[in-house]
Amino acid sequence: EKGGFRSFMDKEIHDQPHAVADTLLGRTDAQGRLVLDEVRIDESVLRSVDKIVVIACGTAAYAGQVAKYAIEHWCRVPVEVELAHEFRYRDPVVNERTLVVAVSQSGETMDTLMAVRHAREQGAKVLAIVNTHGSTIPREADAVLYTHAGPEIAVASTKAFLAQITAAYLLGLYLAQLRGNMFADEVTAILDELRAMPDKIQQVLDRAGRVREIARWMADTQSVLFLGRHVGFPVAMEGALKLKELAYIHAEGFAAGELKHGPIALIEPGQPVFVIVPSPRGRDSLHSKVVSNIQEIRARGARTLVIAEDGDEAVRPFADEVFYVPKSPTLLAPLLAVVPLQVFACELATAKGLDVDQPRNLAKSVTVE
Ligand code: M6R
């Protein structure tokens, strides 16, 4: 059932173009308008929502962090993202005007389930973004938007992450349309961009030979750092999590802007650092700021492994390696940038002779608090 791949994880990484395409499928009407029939929460309630709180754990929480940037930008509603196990124990401000979005691949994560219950007790509406049909979280939520990633067997989450971002984006666009923040043609334009992503993800996979090679060379590495900014920040955290889980290597993800506030002290000669570079076509100066970060760490001897958009020549002088990904709108770029990081962790762990599908000490669904 591994379809010729060495591991389920490897297979699931390669399933990602389908996971995104299938999650987009069947969610528009004959006029191309976004319809999310599953969101069975009164439109009047959705219009009056004044805060969205995403609750999730692990990779699902990073998907939520990515979605925060898009949903706030499109809907002009504040979005908080909170680890489900922290949420319930801090007396959160949640009420009838809060939309709680619970994100979970398995639909069985106990921490997330308990947070769902807590939110509903406070009067909030809960919408679940879940991959597994018939699981517990959707049964207890007010509505469910399923991701269509297909079964995810490997303990480390990969295709579910991309599908969760996709589903959360559909929700954001739906809310923006409903609440009048976006015109129908603006929504359609972004949907078209989303539909173009599976091909681009495939291109990233097709180009992954070099990242595999580097991962094999780095099998003895003790520590890897990941830097990103804006939507690249949660991608950095996800890259670090994959490496911890699979390869048992110390890894940390940082917001690139935070570097000078502390983490730069970690940089010593030979320290590998992945840097996720935002598009140079972005609206503000984020690109040049991140390029300066690469320059700063390189000057201190870091080994810089850079993920950048096709055509971005500015990164080259400071990069030991550049992994180029196709051009995409800034908000959609995480669907591409994370893929080399997944491949890196999977390949490095395989090179160390580890079981990438069943890393030590971990369970696929964490059904205890
Ligand atoms: O099934 P869920 O999405 O609720 O699981 C949440 C986390 O336990 C999960 O993402 C975990 O962090 C994975 N091992 C990450 O690869």
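# Close-up views

**Strand 6 and strand 8 run parallel and pair over three bridges.** Helices (DSSP H or I, at least four residues) and strands (DSSP E, at least two) are numbered from the N terminus, and two strands count as paired if DSSP finds at least two bridges between them. This is a predicted model, so please keep in mind that local features need pLDDT of at least 70 and side-chain atom pairs count only at pLDDT 80 or more, while totals for chains, interfaces and linings use all residues. Residues are numbered from 1 along each chain as its sequence is written, and side-chain values use heavy atoms, with hydrogens and water left out. Look for L225, which sits opposite V273 in strand 8. On to the next pairing: strand 8 and strand 9 are parallel too, joined by five bridges, and here F274 faces L305 in strand 9.

**Strand 8 is largely enclosed by the rest of the structure, because five of its five residues are buried.** Buried means under 20% relative accessible area, exposed means over 50%, and partly exposed is in between (1.4 Å probe, protein chains only). P272, F274 and I276 point one way from strand 8, V273 and V275 point the other way, and all are buried. Helix 13 (residues 286-299) lies across strand 6 (223-228), strand 8 (272-276) and strand 9, and runs at about 170 degrees to strand 8. Such angles run from 0 to 180 degrees between N-to-C directions, with axes fitted to C-alpha atoms, for helices over the stretch in contact.

**Five strands in the order 7-6-8-9-10 form an open sheet with parallel pairing.** Strand 7 (250-255) and strand 10 (321-325) stand at the edges with a single partner strand each, so one side of each has no neighbour in the sheet. From one strand to the next, the twist averages 15 degrees. At the strand 10 end, strand 9 (residues 303-309) pairs with strand 10 in the parallel sense over five bridges, and V306 has V322 in strand 10 as its bridge partner.

**Another open sheet of five strands has the order 2-1-3-4-5, with parallel pairing.** Its edges are strand 2 (79-83) and strand 5 (143-146); each has a single partner strand, so one side of each is left without a neighbour in the sheet. Neighbouring strands in this sheet are turned by 20 degrees against each other on average, direction ignored. Helix 4 (residues 58-75) packs on the sheet, where it touches strand 1, strand 2 and strand 3, and its direction makes about 175 degrees with that of strand 2. For touching, read contact: heavy atoms within 4.5 Å.

**Strand 3 is mostly covered, with seven of its seven residues buried.** The cover extends to both faces: T98, V100, A102 and S104 on one side, and L99, V101 and V103 on the other, are all buried. Strand 1 (residues 51-56) runs parallel to strand 3 (residues 98-104), and five bridges join them. Follow that pairing through V54, opposite V101, and I55, whose bridge partner is A102. Strand 3 also pairs with strand 4 (residues 125-130), in the parallel sense over six bridges. There, the bridge partner of V101 is L127.

**The largest nonpolar core has 96 residues, and I52, W74, L127 and Y169 have the most contacts inside it.** Helix 8 gives the most to this core, with 13 residues. A nonpolar core here is a set of buried Ala, Val, Leu, Ile, Met, Phe, Trp, Tyr and Cys residues joined through side-chain atoms within 4.5 Å. Leaving aside neighbours within four places in sequence, the contacts of W74 include Y169, G172, L173 and A176. A second, separate core of 21 residues includes L225, F254, V290 and A302.

**Helix 8 (residues 159-178) and helix 14 (residues 334-351) pack at about 170 degrees, their axes 10 Å apart.** That makes helix 8 roughly antiparallel to helix 14. Angles over 145 degrees count as roughly antiparallel, under 35 as roughly parallel, 65 to 115 as roughly perpendicular, and the rest as oblique. F161, L162, I165 and T166 in helix 8 meet P334, L335, V338, V339 and Q342 in helix 14. This contact divides into seven nonpolar, two polar and no charged residues. Ala, Val, Leu, Ile, Met, Phe, Trp, Tyr, Cys and Pro count as nonpolar, Asp, Glu, Lys and Arg as charged, and the others, Gly among them, as polar.

**P151 lies in the loop between strand 5 and helix 8.** With 65% relative accessibility, P151 counts as exposed. Not counting residues up to four places away in sequence, P151 touches E12 and K159. H133 is 18 residues from P151 in sequence and 9.9 Å away in space, C-alpha to C-alpha.
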